[in-house]
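Take a look at the fold below. Where does the interior pack, and where is space left?

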Amino acid sequence: MIISAENFLLIASILLFVSIIAGKTGYRFGVPALLLFLVVGMIFGSEGLGLQFSSFKQAQFVGMAALSVILFSGGMETKASDIKPVVAEGIILSTVGVLLTAVITGLFIYAMVGLFPKYLSLSFGGCMLLASVMSSTDSASVFSILRSKNLHLAQNMRPLLELESGSNDPMAYMLTIVFIQVVLSSSASIDVMLWTLVIQFVLGIVFGYLLGRLAVFVMNIINLNYSALYAILLLSFVFFIFSFTDLLGGNGYLAVYIAGLVVGNNKMIYKKSVITFFDGLTWLFQITMFLILGLLVNPSELFFVWAPAVAIGIFMIIAARPISVFICLWPFKKMTRNAKWFVSWVGLRGAVPIIFATYPFVQGVPHAREIFNIVFFITIISLVVQGTTVPYSAKLLGLLSEPEFTKDFSVEMPEDIAVTAEFKVDEKFKETYNTVGDMGVGEGVMIMMIKRGGKFFIPNGNTGLEVGDKLLIIGSKEEDLQDYCGKAGMEKYEIYNS
């Protein structure tokens with residue numbers, strides 16, 4: 001069946017429905033949902049149920065749009081306070097780490113060409129191009145697996161991994177473009193390569209920050225008649241930031257991630273509803289992107305590249321990634337060896353390498369289809385081997401940590417009006433306070449709700465307190481809440497919406 005204007009909505013709705021059901025089923029068995037989306041695309045493809053899709057340019061376009069939203073959303077949900085302690089490690093991994101991974105893997109592939117010319121027919125430039133395409137970790141896979149599993153990791157592992165995956169695409173993109181030029185022209189100026197790379201990073205960071213601030217400013221001063229339009233307005237900013245930065249020679253992927261960080265860490269009208277909108281949109285784009293990439297591949301062609309793909313994939317997992325990680329993190333003595341091994345293991349490949357693998361095909365690089373199929377096969381290996389074992393590896397390495405607090409109330413307050421805090425009554429607190437009235441009141445502070453035994457109710461001054469009660473406290477300012485909680489003797493509490 002060929003996709004046409006008449007049947008597009010029918011096909012799209014069926015694919016989305018099947019993907020969601022497959023993802024729900026796979027979650028029970030610890031299989032990454034993104035892998036199942038790829039498989040669904042392959043099942044419905046030309047060699048499966050016969051759905052015809054073969055446009056690398058269209059897949060590339062969808063991938064660019066999807067990654068823009070995924071990176072922006074990932075940045076928006078990342079607290080600056082979380083990544084601040086690991087900025088240096090993240091930047092080194094996303095630049096030097098990617099370069100080392102590409103070089104080490106490229107040399108290994110070239111050695112394989114010499115030893116097994118029957119399985120690979122790439123020049124040295126082609127080997128480095130293949131390695132460059134796969135050199136970055138995939139933001140969609142990392143964000144999805146870490147957040148869907150709700151892993152609480154010690155030693156700032158989660159913000160480090162999310163920062164690396166969100167910011168390492170520019171280096172991989174640049175290396176991919178450079179080696180495409182090398183393969184096509186057999187030459188490339190080192191000076192031009194380095195200068196282009198610097199410009200990509202600098203403009204990506206600068207435009208990402210400035211346009212992110214502009215987006216916050218416009219969102220807060222514009223007066224729209226419908227609140228739902230604010231999310232659409234911000235979406236337009238995301239695509240503008242990506243395309244404008246790319247037009248001026250910067251890296252659009254880095255720009256949208258930085259812009260997301262800026263937006264997420266500043267006060268903005270309807271912020272909670274906007275984040276919810278982007279969360280759903282991110283899943284839609286992830287499903288769409290992986291489905292299209294699954295449709296694009298011909299499973300029968302994977303048979304001819306399985307041997308080199310398995311060898312390269314295993315080498316990257318057990319050698320190239322760990323070597324680059326340990327070299328990059330060697331100066332950071334506070335990070336334990338187990339933490340470095342975990343960072344090495346979560347070097348997930350996913351949609352980003354596959355999308356980058358479409359560039360050689362669009363540019364007419366020799367053996368582009370071979371490169372695409374190898375990258376696709378390695379992505380499957382990575383998602384199966386690494387993606388399914390992330391929680392287990394964290395536990396094995398002793399990096400899982402119990403959260404001090406779990407959010408029990410889903411009340412959302414506008415940031416410019418109020419903030420909320422949650423506190424759990426323990427025996428020590430109960431010795432001092434028997435009722436809500438005993439706790440007194442603070443300026444601009446009140447006890448809004450209590451959760452007890454799975455039930456919620458609104459208290460009054462005579463409501464008795466019991467050990468295990470979870471209190472929702474509302475305050476006009478974060479400072480007021482902190483002052484009140486401190487005076488009341490609440491040793492452990494968590495402030496939200498601040």
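The model is predicted. Its largest nonpolar core has 135 residues. Within that core, L234, M289 and F342 touch the most other members. Helix 13, residues 271–296, gives the most to this core, with 13 residues. A second core is separate and has 20 residues, including M439, V445, L481 and Y484.

L234 shows what such contacts look like. Leaving out residues up to four places away in sequence, L234 touches F72, M76, A215, M219, V263, M268, V274 and F278.

Helix 2 spans residues 33–44. From first C-alpha to last, helix 2 reaches 17 Å, close to the 16 Å expected at 1.5 Å a residue. Helix 2 is mostly covered, with 10 of its 12 residues buried. Among the buried residues are L34, L35, L36, F37 and L38. Also buried in helix 2 are A33, V40, G41, M42 and F44.

The structure holds one cavity of 30 Å³ or more. About 60 Å³ of space lies in the largest cavity. Two elements give two or more residues to its lining: helix 15 (306–328) and helix 19 (368–385). Helix 15 gives the most, with four residues. The lining of the largest cavity includes G313, M316, I317 and R321, along with G347, R349, I378, I381, S382 and Q386.

By class, the lining of the largest cavity divides as follows.

| Class in the lining | Number of residues |
|---|---|
| Nonpolar | four residues |
| Polar | four residues |

Terms used:
Residues numbered from 1 in each chain as written. Predicted model: local features only at pLDDT ≥ 70, side-chain atom pairs only at ≥ 80, totals over all residues. Heavy atoms only, no water. 1 Å grid on protein atoms, 1.4 Å probe; cavity = no way out; pocket = protein on both sides within 12 Å on 5 of 7 lines; lining within 4 Å. Points joined across faces, edges and corners; volume = space filled by probe spheres on them. Nonpolar A, V, L, I, M, F, W, Y, C, P; charged D, E, K, R; others polar. Expected span 1.5 Å × (residues − 1). Buried < 20%, exposed > 50% of the residue type's maximum accessible area, 1.4 Å probe, protein only. Core = buried A, V, L, I, M, F, W, Y, C linked by side-chain atoms within 4.5 Å. Contact = heavy atoms within 4.5 Å.
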